[in-house]
Amino acid sequence: MSKAGGIRIGVVGLGTVGQGVWKHLRARQPELELHMGGKFVLARAAVRHLDKKRSVRIPAKALTDDPMSIACDPEIDILCELMGGTREALAVTKAALKAGKTVVTANKALLCEHGEELFALARQNGAHIYFEASVAGGIPIIKALREGLVVNHFPLIYGILNGTCNYILTRMEREGQSFEAILEDARKLGYVEADESLDLDGWDAAHKAVIIAYLAHGKWIPLKKMPVEGIRDVTLEDIQWAQRLGFKIKLLALILRDFKNGHVFASVQPALVPGDMVLGNVDGVFNAISVTGDIVGESVYIGRGAGQDATASAVISDIIDAGTTISHGIRPEEPLNCADLKLAKPEDVYRSFYVRLSVKDRPGVLAEVAGILAEEGISIESVLQRPNGGQGLANLVLTTHVCTEAAMAAAVARLKRHKSLNRKPFLLRIADFAQRLG
Ligand SMILES: NC(=O)c1ccc[n+]([C@@H]2O[C@H](COP(=O)([O-])OP(=O)(O)OC[C@H]3O[C@@H](n4cnc5c(N)ncnc54)[C@H](OP(=O)(O)O)[C@@H]3O)[C@@H](O)[C@H]2O)c1
């Protein structure tokens with residue numbers, strides 16, 4: 001049953017994403033209304049600067065610089081939060097949910113930091129939160145997990161969730177240029193967030209991993225309990241070593257669950273991905289997610305992770321779902337039961353590793369390094385060695401068989417003190433499906 005006069009939509013934030021949403025909703029309104037099974041009205045929008053020039057025309061009476069007035073407007077059914085940030089966006093989202101409105105958001109930082117509180121508030125007030133655009137932009141991964149794969153349990157999910165890092169790593173690999181040189185280009189192209197740390201230090205990908213883990217397992221994993229590393233320390237040399245070994249380096253989010261011992265684990269770290277794995281060939285600004293379901297097996301989703309149109313596509317899909325849900329009076333779904341789920345300790349996770357060492361080029365060093373690894377229970381899979389700059393130094397690159405993070409940490413602590421090493425060891429994880437929880 002459709003609402004008389006149509007579902008009324010308020011868009012809070014008309015920047016990159018908001019303008020795309022407004023534009024495509026207008027352009028495809030008749031066919032979207034058929035999908036939704038009723039009419040909708042683009043009723044109001046909020047911005048910070050009323051006089052700013054925009055690519056969409058909004059009637060002056062529909063525009064405000066007070067987002068709270070939309071959140072509290074009894075005429076608005078769906079509040080579309082596209083303002084970003086976590087302070088004002090939190091206040092606006094809470095006000096809308098308390099008023100029983102449906103919220104559609106693209107704000108991964110907001111959900112990562114306040115998701116637990118917001119979803120509880122939504123349930124208390126019979127309201128819904130839709131958030132497809134908060135993870136991997138245009139890839140409908142939330143729908144895939146929530147609907148298409150609903151019967152599955154998910155022991156393994158991993159993905160490339162930050163297009164900026166993937167763009168930088170891809171160009172370093174293809175053009176043989178340094179991280180700094182490509183970063184400068186990415187800045188000029190507007191690919192890097194104003195707060196660069198969000199992209200380069202892995203936080204943006206971590207926000208998205210937290211949301212995926214919640215969807216797949218019902219648990220909000222605190223960011224501070226997750227190993228999160230970015231790509232600043234990945235050198236051109238590592239990328240070239242990885243290539244020689246048959247790998248590509250990608251910033252990889254990983255979500256593991258062991259259904260026997262009730263442990264879950266999430267991390268974001270640069271990793272060596274085998275060149276013959278699908279994700280090893282997802283390059284440039286593209287995102288990709290591999291989901292292993294216990295019933296369906298592996299499925300992989302690839303697409304644009306950001307940008308006006310890709311993100312608007314996801315937001316609009318949520319708006320249409322939200323409109324249908326409101327028209328049919330559907331109650332918010334209950335979260336998955338995660339009462340028995342525990343966070344795995346990072347040190348207990350089994351991985352295989354890439355280890356780069358800069359050592360004195362003298363006989364016996366390799367044997368000493370291998371000895372230390374062996375004493376910590378780590379066996380070596382491959383070794384590459386090259387002289388380094390002709391100053392009596394050599395680069396030693398090892399890959400290992402699977403061992404725990406704790407064993408590798410112990411080996412690294414000993415290697416750091418070794419007299420033949422002139423720099424601390426550099427580690428990367430290998431994404432080879434051997435990763436598992438202890
Ligand atoms: N851009 C992407 O590709 C992308 C992809 C996925 C998810 N997202 C998420 O989508 C959200 C929006 O991103 P965006 O790139 O569209 O951001 P943006 O271009 O910076 O736009 C933000 C909009 O919000 C408005 N705004 C900010 N604070 C406000 C306030 N206090 N009161 C009223 N209006 C306010 C701004 O107004 P003015 O225009 O007047 O300054 C602007 O229109 C963020 O949560 C982001 O993480 C973005």
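Predicted model: local features only at pLDDT ≥ 70, side-chain atom pairs only at ≥ 80, totals over all residues.

**Core.** I began with the largest nonpolar core, which has 133 residues. To belong, a residue must be a buried Ala, Val, Leu, Ile, Met, Phe, Trp, Tyr or Cys, joined to the set through C-beta atoms within 7 Å. Buried takes 20 or more other C-beta atoms within 10 Å of the residue's own, exposed is 12 or fewer, partly exposed is in between, and the C-beta atoms are placed from the backbone. Cys-80, Ala-209 and Val-315 have the most contacts inside this core. Helix α10 (residues 203-217) gives the most to the core, 11 residues. Helices here are DSSP runs of H or I with at least four residues, strands are runs of E with at least two, and both are numbered from the N terminus.

**Ground rules.** Residue numbers run from 1 along each chain as its sequence is written.

**Val-315.** I then checked what Val-315 touches, leaving out residues up to four places away in sequence. The list is Val-17, Val-21, Cys-80, Val-104, Ala-106 and Ala-133. A contact means that two C-beta atoms, placed from the backbone, lie within 7 Å. Cys-80 turns up here as well as among the residues with the most core contacts.

**Whole chain.** I stepped back and found 14 helices and 17 strands in the protein chain. The radius of gyration is 24 Å, close to the 22 Å of the globule rule for 438 residues, so the chain is as compact as a globular protein of that length. That radius is taken over C-alpha atoms, and the rule is 2.2 Å times the number of residues to the power 0.38. Along the principal axes, the C-alpha atoms fill a box of roughly 85 × 50 × 35 Å. Of the 438 residues, 45% count as buried. I also looked at contacts between residues at least 6 apart in sequence: 75% of them join residues at least 24 apart.

**Domains.** Which stretches make up the domains? Domain 1 is 7-137 + 308-328, domain 2 is 141-305 and domain 3 is 346-430; such bounds come from an automatic or database domain assignment. The centres of domain 1 and domain 2, over C-alpha atoms, are 27 Å apart. Their contact takes 13 residues from domain 1 and 17 residues from domain 2. On the domain 1 side, helix α5 (residues 108-124) gives the most, with six residues. I sorted that side by class and got seven nonpolar, three polar and three charged residues. For these classes, Ala, Val, Leu, Ile, Met, Phe, Trp, Tyr, Cys and Pro are nonpolar, Asp, Glu, Lys and Arg are charged, and the others, Gly among them, are polar.

**Ligand.** How many residues surround the ligand? I get 25, the closest being Gly-13, Gly-15, Gly-84, Ala-106 and Ala-306; to be near it, a residue needs its C-beta atom, placed from the backbone, within 6 Å. Helix α1 (residues 16-27) supplies the largest share of this shell, three residues. By class, the shell has 10 nonpolar, 10 polar and five charged residues.

**The β6 to α6 loop.** Ala-136 sits in the loop between β6 (129-130) and α6 (141-148). Its phi is near 60 degrees, a positive value in a residue other than glycine. Is Ala-136 buried or exposed? Ala-136 is buried, because 34 other C-beta atoms lie within 10 Å. Gly-137 is in that loop between β6 and α6 too, and counts as buried because it has 29 C-beta neighbours inside 10 Å. Beyond its sequence neighbours within four places, Gly-137 is in contact with several residues, including Asn-287, Arg-304 and Ala-306. Gly-137 and Val-315 are 178 residues apart along the chain, yet their C-alpha atoms are separated by 8.8 Å.

**Further along.** Lys-345 lies in the loop between β12 (342-343) and β13 (350-360). Lys-345 is partly exposed because it has 15 C-beta neighbours inside 10 Å. Last, Ala-406 in helix α14 (residues 405-416) touches Glu-347 and Asp-348, not counting residues up to four places away in sequence. Ala-406 has 16 C-beta neighbours inside 10 Å, so I logged it as partly exposed.
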